[in-house]
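Subject: Structure handover and notes

Hello,

I am passing on the structure we spoke about, followed by notes on what was found in it. Please look through it before reading on.

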Amino acid sequence: MMTMKKRITSLLLAAGMTFSLAACSTPAAEPTDSPAPSEEIVADLSRDILDFSAGLKGDETMLTANGEVIPADLYLYFLAVNCAYLTQMYQADVADYADQLKEDSKTVTAYYKILEAKCEELGCPLTDEQQTELNETLMSEGQEKYDQRKTINGLSDETMKFVYSINYFYDNVLNATIGQPTEDDLNNYVYQTRHILLKTVDTEGTPTVQEDGSYAYPKLDEETINEKKALAEDILAQLNASDDPSTLFNDLMNEYSEDEGLEQSPDGYTATLGQMVSAYEKAALELDYGQVSGIVESEYGYHIIIRDKVADTSEYVDKWREYKMGQQVDQWIADADIQSTETLDNLDVADFYNKFNAYQVALNEKYTAAQETPSPSVNPSADPEATGSVEDEAVG
């Protein structure tokens, strides 16, 4: 069973996230239909989005990462993405997670600034080909659409270019620092297992977000949990007494396992580091091929695991490199000097996001209405720029 421990920003800490700016109809912080908690917010479109939502100018300093300035437009862009992710994925209230959202957004923006700096430090800045591709992407739909994307996300030209460059920063640093794995590297990264799961939580219940950003299902009653533990002990005893534990494992797994994924994965799971819940992963990697574990307790329940050999590890080379890149960047972030400003400390996250979202909805509606309204015919008598007369038009 895959891990459910997802940080709010987990999707942002991967390359390939600039899709959110691709069109003004799908902006970074996707507008929702739900109103603000207190009263409907009327967006003042005569102001820019950051002034309206946060009372800030785009070039104001929100924080620094190793001395590199992170401006308000960049930080607030990612904060809005995080808020949208929280509300849409978890249906949670932004106000309840304001501090975490601030910290996660600091990490995200610092991460990308560090990547940019590492490109320069390692001598792998954007190539001429990447620069050309970047410019073509920015203007792929023309100047008007580009300007709309800037406006609806509150970004300057410089920050737009930075956001669209993130994938290049990542790829260039990856290729400059991470080599090819050995076979041992791959065998310690990807592993194949079957397991028997006896659940101690109600996976049909509603999961709740925890303080650390993970989420958890409601627990079963104590009597049921004790019965599951006793059954796990009996199953393990049968496996330990068997001359052919691998064959017996399949029989017992099909009879007792409560893993909803068993039907789709009858031969078990192939997983990589960080993909499964930590207790499961730790136990699996300690096993020899064909060895059966003891009873392993995770946030899902009691597992009994058998490890099998991965048939072909070569297809995991790129994933291993990305994993090593992630470890490297984690260390860079841990070592970084990240300093907040008073402006960031005083930011009301919920108020900002409610206003930001209302502004995007209103501006999207304005853009859509403009696209759907046909251009009127020119009436020379009402157009001071027009020349000639109605009679002249008719003659011509």
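In these notes, contact means heavy atoms within 4.5 Å. The model is a predicted one.

Overall picture

The protein chain has 14 helices and 9 strands. It holds 396 residues, of which 44% count as buried. Among the contacts in the chain with a separation of 6 or more, 75% are between residues 24 or more positions apart.

Strand β3 pairs with two others. With β6 (residues 269-272) the pairing is antiparallel and runs over 4 bridges; there, Tyr191 stands opposite Ala271. Arg194 stands opposite Ile306 of β8, and the bridge partner of Lys199 in β8 is Gly301.

How enclosed is β3 by the rest of the structure? It is largely enclosed, because 10 of its 10 residues are buried. Buried here stands for a relative accessible area under 20%. In a regular strand the side chains alternate between the two faces of the sheet. On one side of β3 are Val190, Gln192, Arg194, Ile196 and Leu198, and on the other are Tyr191, Thr193, His195, Leu197 and Lys199; all of these are buried, and both faces are covered.

Thr203 sits in the loop between β3 (190-199) and β4 (208-209). Is Thr203 buried or exposed? Its relative accessible area is 15%, so Thr203 counts as buried. Leaving aside residues up to four places away in sequence, Thr203 touches Tyr217, Glu260 and Tyr300. With Glu260 there is a polar contact of 2.6 Å between the side chains. The side chain of Thr203 also has a polar contact of 2.7 Å with the side chain of Lys199, the residue whose bridge partner in β8 is Gly301.

The three-stranded sheet

A further open sheet consists of 3 strands in the order β2-β1-β9, again with antiparallel pairing. Its edges are β2 (68-71) and β9 (338-340); each has a single partner strand, so one side of each is left without a neighbour in the sheet. On average, neighbouring strands of this sheet are turned by 25 degrees against each other, direction ignored.

Strand β1 (residues 61-65) is joined to β2 by 4 bridges, and the two run antiparallel. Ala65 stands opposite Glu68 of β2. Helix α2 (residues 72-90) lies across β1 and β2, at about 60 degrees to β2. Helix α3 (residues 98-121) lies across β1, β2 and β9, at about 130 degrees to β2.

Helices α4 and α6

Two packed helices are described by the angle between their axes and the distance between the axes. For α4 (residues 128-138) and α6 (residues 157-177), the axes come within 10 Å and cross at roughly 145 degrees. The crossing is right-handed. Which residues meet where α4 and α6 are in contact? From α4 they are Gln130, Gln131, Glu133, Leu134, Thr137 and Leu138, and from α6 they are Met160, Lys161, Tyr164, Ser165, Tyr168 and Asn172. By class, this contact has 5 nonpolar, 5 polar and 2 charged residues.

Cys124 lies in the loop between α3 and α4. Its relative accessibility is 12%, so Cys124 counts as buried. Not counting residues up to four places away in sequence, Cys124 touches Lys118, Cys119, Asn172, Val173 and Ala176. One of these, Asn172, is also among the α6 residues that meet α4. Tyr168 is 44 residues from Cys124 along the chain, and the C-alpha atoms of the two are separated by 9.8 Å.

Regards

Methods: Residues numbered from 1 in each chain as written. Predicted model: local features only at pLDDT ≥ 70, side-chain atom pairs only at ≥ 80, totals over all residues. Heavy atoms only, no water. Buried < 20%, exposed > 50% of the residue type's maximum accessible area, 1.4 Å probe, protein only. Polar contact = N/O pair within 3.5 Å; in protein donor to acceptor, adjacent residues only side chain to side chain. Axes fitted to C-alpha atoms, helices over the stretch in contact; angles between N-to-C directions. Left-handed = near helix turned anticlockwise from the far one by under 90°. Nonpolar A, V, L, I, M, F, W, Y, C, P; charged D, E, K, R; others polar. Pairing = 2+ DSSP bridges.
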